[in-house]
Amino acid sequence: MPIAKRRSDDVAEAPPILLAQRFSPANRRRLSGPGLRTFLSIADLWGLSDEERLLVLGLPSRSTYYNWVKAVREHRDITLDVDMLTRISAVLGIHQALGVLYPTEREGVAWLRTANAAPIFGGRPPIALITCGTQDGLMSVRRFLDAARGGLYMPPGDLDRDFRPYTDADIVFT
């Protein structure tokens with residue numbers, strides 16, 4: 001990470017949060033093939049239909065999608081846009097979190113496909129939010145699972161079943 005630079009008035013200038021080269025065509029090309037191949041493997045594991053795959057990826061045309069799939073299976077270069085790479089990254093993060101939270105892939109996939117009591121899912125299975133077509137749906141599931149991985153509440157957990165929210169009477173200032 002670059003060291004903070006000094007401006008002429010001796011005020012430290014913070015390094016950029018996102019470096020422009022992160023989005024360069026060369027970097028996107030480097031990530032696109034392996035990312036899409038991994039996405040395809042996860043989509044197979046999750047049992048996603050072609051329509052669901054297209055929704056997760058932001059609805060590219062079918063012909064474009066099939067051309068990309070053919071190219072990456074033949075290990076030819078493709079360059080995906082930033083939105084598509086972000087969506088693929090979210091899928092990879094969801095898959096990784098499920099691997100941490102569940103002892104088997106089957107149990108992780110079952111969680112994706114089972115109605116969930118958490119308010120964010122509204123009683124629907126998490127896969128419905130993943131395949132709703134928006135990047136926000138993907139990121140919401142990823143954030144939910146990252147929070148669960150970090151030990152926050154994830155219904156229905158045996159440890160959390162008796163949890164009751166704190167009330168004003170529980171908060172004591174000394």
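Thr-131 touches Leu-48, Glu-52, Leu-55 and Val-56, leaving out residues up to four places away in sequence. A contact here means heavy atoms within 4.5 Å. Thr-131 sits in the loop between α6 (126-130) and α7 (135-149). A polar atom of its side chain lies 2.8 Å from the backbone oxygen of Ile-127. A polar contact is a pair of N or O atoms within 3.5 Å; within protein, one must be able to donate a hydrogen and the other to accept it, and residues adjacent in sequence count only if both atoms are side-chain atoms.

This is a predicted model: local features need pLDDT of at least 70, side-chain atom pairs count only at pLDDT 80 or more, and totals for chains, interfaces and linings use all residues. Residues are numbered from 1 along each chain as its sequence is written, and side-chain values use heavy atoms, with hydrogens and water left out.

**The chain as a whole**

The chain holds seven helices and two strands. Along the sequence, the pattern reads β-β-α-α-α-α-α-α-α. Helices (H or I, at least four residues) and strands (E, at least two) are DSSP runs, numbered from the N terminus. Of the 174 residues, 34% are buried. Buried means under 20% relative accessible area, exposed over 50%, and partly exposed in between (1.4 Å probe, protein chains only). Among contacts between residues at least 6 apart in sequence, 56% join residues at least 24 apart. The accessible surface comes to about 11200 Å², and 55% of this surface belongs to carbon and sulfur atoms. Accessible areas come from the Shrake-Rupley method with a 1.4 Å probe; for residues, only the protein chains shown count as cover.

| Residue | Relative accessible area | Class |
|---|---|---|
| Ala-43 | 0% | buried |
| Arg-53 | 8% | buried |
| Thr-131 | 12% | buried |
| Val-82 | 32% | partly exposed |

Ala-43 belongs to helix α1 (residues 25-46). Arg-53 lies in helix α2. Beyond its neighbours within four places in sequence, Ala-43 is in contact with Leu-48 and Arg-53. Under the same exclusion, Arg-53 contacts Phe-39, Leu-40, Ala-43, Asp-44, Leu-48 and Tyr-65. The Arg-53 side chain also reaches the backbone oxygen of Leu-48 at 3.0 Å. Arg-53 counts as buried because its relative accessibility is 8%.

**The nonpolar core**

The largest nonpolar core has 37 residues, and Leu-36, Phe-39, Trp-46, Ile-94 and Ile-130 touch the most other members. At least two residues of this core come from each of α1, α2 (50-56), α3 (62-73), α4, α5 (105-113), α6 and α7. Helix α4 gives the most, with eight residues. A nonpolar core is a set of buried Ala, Val, Leu, Ile, Met, Phe, Trp, Tyr and Cys residues joined through side-chain atoms within 4.5 Å. Apart from neighbours within four places in sequence, Phe-39 is in contact with Arg-53, Val-56, Leu-57, Ile-88 and Val-91.

**A nonpolar patch on the surface**

Ile-17, Leu-18, Phe-23 and Val-82 form a nonpolar surface patch, with about 400 Å² of accessible area together. Val-82 lies in helix α4 (residues 82-101). Patches are made of residues with over 30% relative accessible area and no salt bridge: like charges are joined within 9 Å, nonpolar side chains (Val, Leu, Ile, Met, Phe, Trp, Tyr) within 5 Å. A salt bridge is a side-chain nitrogen of Lys or Arg within 4 Å of a carboxyl oxygen of Asp or Glu.
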